[in-house]
Amino acid sequence: MSADSFRQPLTLSVAAAKLAEKINQVEPGSGWHRIALPVCVETDLLACLAGGEGVRVYWSQRDTPGQETAGFGVALALNVAHTCDLDECLPVIRNILNTCPQARFVGGLPFFEDRKEQWPGFEGGELILPRFELTRRQGQLTLACHVELPAGAAGEQFRSQIARQALSLKEAKGFPCALPSAEIVKENPDWQLWQNQVGQVLGLMEQDELEKLVLSREQQLELEADLCPWSLLSAWQKLTPETYRFAFIRENGQCFFGASPERLYRRNGQTLDSEALAGTAPRGLTPAQDRRLASALLSDDKNRRENSLVLQAVRHALQSCSESVEPISEMSLIRLKSVQHLRQMIRAKLKPGVTDGMLLKLLHPTPAVGGVPKDRALEQLATIENHARGWYAAPFGCIGNDQAEFAVALRCVFLNGRNLSLYSGAGLVCGSDANAEWAELDSKLRTVQSLLQISQ
Ligand SMILES: C=C(O[C@@H]1C=C(C(=O)O)C=C[C@H]1O)C(=O)O
Ligand SMILES: [Mg+2]
């Protein structure tokens, strides 16, 4: 090492150059490697994603502030259209994590496993092991590369290609574009159709066909200029830092991203944390109004039923695969920029051998985004809603060495060229009112809308 490189701080570009050197030392045919280096200069991960190209992912956990992961390119992609596909992939995942315990797979699944209409580019689910990864954990930034080289000359060639790619990692100089203004071009359902849909669902409830159903709405915007998703996500997370932040962008720029308050589950070894997050009130304009709305929410029967049905279902789903399942909190509040929700936490000790594929299958969709009874609710959603849910309200998260965490991907958008679709849902129970639920959909959309100048 030259005297010079001792004096240089490990900026992203210096770290990338060192990484390229190390990649060039990997023996072809020697299995999976994770080559990692510290980056010592403060770097904005979203700005790095904005400076990148191709497939990229972003994941930031809700309850561990300052932890985040940005992935660039694909070392390995696992297609998981069905939760059972994940279990088929587990031997591959385990094999990589055995040799690279710090590696993590990041990605999402579609809400429905078998629907023809999906979002372009997001038809199936996908978990990827990023080719390059920038991770912040406990304040330490690490740059890593995941690589497996075929034996022989092909491996050598591939190796130089990856080493060259490492050199192109850079932070965008600020975000490339301002947030554009937008026009609402379609509401699906619109207010009229919403009233019909709610009426239909309440009718089914009267006949005891359903106890809860979460109907959703897609608001389609047309953007007046190109939108850099990383700029929007950066501004969005400043408004709601107490959320999971996630993004998955395809090579052609189609991008799913958002900032969700809701955990599906977090698993650490055999310990699993989940929650019931449902029941909503807007935030008040003054502290006094906010407190009034909060205490009304905590004692409101309809909202408490929305929440309790989720808790019951999560508890029931976990019972079959757990040694114990216990609620670990009272009904409390989670407060965001434009809404506040009821929440109850639950913890389970899993039986040996329970896989993440099994957990996803058991838990998704909880009645926070689907309904009760589950199968009947899914059938009804498939007939009543006439927009594709795509990855909205589905699991998005990451799988690492004997740990996994998935958010329920809410408060999210799908960007496709100059079209941006916003998603929002509301849980209907007996006694729900179409007006109030429409207002609830509005208040859930308000945070992201406030970042774009929207005209009707
Ligand atoms: C479905 C959404 O949110 C869910 C529905 C809620 C409700 O109806 O009170 C609250 C939080 C989430 O469980 C959404 O934000 O799109
Ligand atoms: Mg609600």
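This is a chat about a predicted model of a protein chain and its ligands.

Me: What are the ground rules for reading this model?
Reply: The model is predicted, so local features need pLDDT of at least 70, side-chain atom pairs count only at pLDDT 80 or more, and totals for chains, interfaces and linings use all residues. Residues are numbered from 1 along each chain as its sequence is written, chains are lettered from A and ligands numbered from 1 in the order in which they are written, and side-chain values use heavy atoms, with hydrogens and water left out.

Me: What average pLDDT does the chain get?
Reply: The average is 94, and 97% of the residues score at least 70. pLDDT is the predictor's confidence in each residue, from 0 to 100. The model also scores ipTM 0.99 and pTM 0.96.

Me: Where does pLDDT stay under 50?
Reply: Over residues 1-5, for which the model has two contacts beyond four places in sequence. A contact means heavy atoms within 4.5 Å. Where pLDDT is low, the predicted coordinates should not be read in detail.

Me: OK, new topic. Which residues are the protein donors of the magnesium ion?
Reply: For ligand 2, the magnesium ion, they are E306 and E440, each through OE, lying 2.3 Å from the ion. E306 sits in helix α9 (residues 301-319) and E440 in helix α12 (residues 434-449), so to speak linking distant parts of the chain, 134 residues apart. Donors are N, O and S atoms within 2.8 Å of the metal (3.2 Å for Na, K and Ca), and water is not among the atoms, so sites may look incomplete. Helices (H or I, at least four residues) and strands (E, at least two) are DSSP runs, numbered from the N terminus.

Me: Are E306 and E440 buried or exposed?
Reply: E306 is buried and E440 is too. Buried means under 20% relative accessible area, exposed over 50%, and partly exposed in between (1.4 Å probe, protein chains only).

Me: How many aromatic pairs are there in the whole structure?
Reply: The search finds 21. One of them is W236 with F257, an edge-to-face pair at 6.2 Å centre to centre with 75° between the planes. Rings of Phe, Tyr and Trp (its six-membered ring) pair if their centres lie within 6.5 Å; planes under 30 degrees apart count as stacked, over 60 as edge-to-face and the rest as tilted.

Me: What does the pair of W236 and F257 tie together?
Reply: W236 is in helix α7 (residues 229-239) and F257 in strand β10 (residues 255-260), so the pair ties together parts that are 21 residues apart in sequence. W236 is buried at 2% relative accessible area, and F257 is buried at 0%.

Me: Why is the pair of F256 and W391 edge-to-face?
Reply: Because the planes of their rings are at 75°, with the centres 5.9 Å apart. F256 and W391 are both buried, and they belong to one aromatic cluster that also includes W59, Y244 and F414.

Me: Switching to helices: which residues of α11 are buried?
Reply: A377, Q380, L381 and I384. Down the axis of α11 they fall within an arc of 105°, so they line one face of the helix. That arc is the one made by the directions from the helix axis to the C-beta atoms.

Me: And what's exposed on the other side of α11?
Reply: D375 and T383 are exposed there. The buried residues of α11 have a cover that includes α6 (191-206), β8 (212-223) and β16 (371-372).
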